[in-house]
Amino acid sequence: MTYAAAIIIPHFNDGARLARCLEALAPQMRPEVEGIVIDNGSRQPPAVPAPFRLAHEPLPGAANARNRGVALTAAPRLFFIDADCLPAPDWLDTALAVADRGDLVGGAVSVFDETPPPRTGPQLFEAIFAFDNRTYVEQKGFSVTANLLTTRAVFDAVGPFEHGLSEDFDWCHRARDKGFSIVYAESLRVGHPSRGDWAALRKKWKRLTEESFVLNGTGPRAKLAWAMRGLIMPLSILAHAPRVLSAPGANAEEKLRAVGTLARIRIVRMGWMFAQLLRPDGAGTRG
């Protein structure tokens, strides 16, 4: 059967959230849309109910998993969502309705907490600063792959996602360099869980910092620009603290926790950034 669209969902060691995502998608599915879950070497392969099918990608990284999903479908439309996301009840209908608005269509990503209040510092930090996809699309020219629509024709022209860097930023910018358009669709909505503790937030930002370093380049001017970005990290605490302190719906204790998280992550990121510059091989700081 030739499908009209394929929903591609990378997964790695997150079975409970994947089950939640598929449970939300299942009532929306249509015969002309296939759903493919690509497991990326999880310790325990996930249970995937019909009408979804399970595939496997041995190479690590969500980029490789998404590429495998594209290779496994002949559908002309490609809809990307992540296993830990919670799609709105009308997500698929909306995706089919807005898919032709641009060559790439990015939707809204809201942050929700998986634990009852009060919120931790990382949770409120994420609620304020994570996933501003409208700004990403309209001002920075990319959409997160947690809520991204495109076509096979565009994907074939642009090429696969690249593992080891910010693949959504890189891929969307390669698409724009080839003349493809990107638009934002507010009605295309998914939720994403906040990082609930420092360890999870640190892991996220360490990865993003390393991926950004790869995209930054290693020439003298690029390194100078990177160093300047590192130096202004402490100043960004002062610049962004008012956003935290004025956050609606948060009490004073939550705001103070989030300001502490803001300060901590910016100082730590400065350290990572200079550590990357000092490494003789120019590699990241994983380990």
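Hi everyone. Before anything else, a definition: I'll call a residue buried when its relative accessible area is under 20%, exposed when that area is over 50%, and partly exposed in between. Please also keep in mind that this is a predicted model.

Is Arg66 buried or exposed? Its relative accessible area is 3%, and under 20% is the cut-off, so Arg66 is buried. Its side chain meets that of Glu167 in a salt bridge, with N and O 2.9 Å apart. Where do the two partners sit? Arg66 belongs to helix α2, residues 62-71, and Glu167 to helix α7, residues 167-177, so this pair links distant parts of the chain, 101 residues apart. Glu167 counts as buried as well, because its relative accessibility is 13%.

While we're at α7, have a look at the rest of that helix. Along with Glu167, the buried residues there are Asp168, Asp170, Trp171, Cys172 and Ala175. And what do the buried residues of α7 pack against? The list is α2, β6, β7 (147-151), α6 (152-158), β8 (182-193) and α8. Just after α7 you'll find Gly179, which takes a positive phi of about 95°.

Back to salt bridges for a moment. How many does the structure hold? There are 19. Another one I'd like to show you joins the side chains of Arg17 and Glu114, at 2.5 Å from N to O. Arg17 is in helix α1, residues 15-25, while Glu114 is in the loop between β6 (104-112) and α4 (121-129), so this bridge ties together parts that are 97 residues apart in sequence. Both ends are partly exposed: Arg17 has a relative accessible area of 26%, and Glu114 has 35%.

Now for a bridge inside one helix. Glu211 forms a salt bridge with Arg207, and their closest N and O atoms are 3.5 Å apart. Why do these two line up in sequence the way they do? They are 4 residues apart in helix α8, residues 198-216, so about one helical turn separates them. Glu211 is buried, at 6% relative accessible area, whereas Arg207 is partly exposed, at 31%.

Let's stay in α8 and visit Thr209. At 2% relative accessibility, Thr209 counts as buried. Which residues does Thr209 touch, leaving aside neighbours within four places in sequence? Those contacts are Trp226, Arg269, Trp272, Met273 and Gln276.

Last topic: how α8 packs with α4. Two packed helices are described by the angle between their axes and the distance between the axes. Here the axes of α4 and α8 come within 8 Å and cross at roughly 40°. That makes α4 oblique to α8. The crossing of α4 past α8 is left-handed. On the α4 side, Pro122, Phe125 and Glu126 take part, meeting Trp198, Leu201, Lys204 and Trp205 in α8. Sorted by class, this contact has 5 nonpolar residues, 2 charged ones and no polar ones.

Conventions:
Residues numbered from 1 in each chain as written. Predicted model: local features only at pLDDT ≥ 70, side-chain atom pairs only at ≥ 80, totals over all residues. Heavy atoms only, no water. Salt bridge = Lys/Arg side-chain N within 4 Å of Asp/Glu carboxyl O. Helix = DSSP H or I, 4+ residues; strand = E, 2+ residues; numbered from the N terminus. Buried < 20%, exposed > 50% of the residue type's maximum accessible area, 1.4 Å probe, protein only. Axes fitted to C-alpha atoms, helices over the stretch in contact; angles between N-to-C directions. Parallel < 35°, antiparallel > 145°, perpendicular 65-115°, else oblique. Left-handed = near helix turned anticlockwise from the far one by under 90°. Contact = heavy atoms within 4.5 Å. Nonpolar A, V, L, I, M, F, W, Y, C, P; charged D, E, K, R; others polar.
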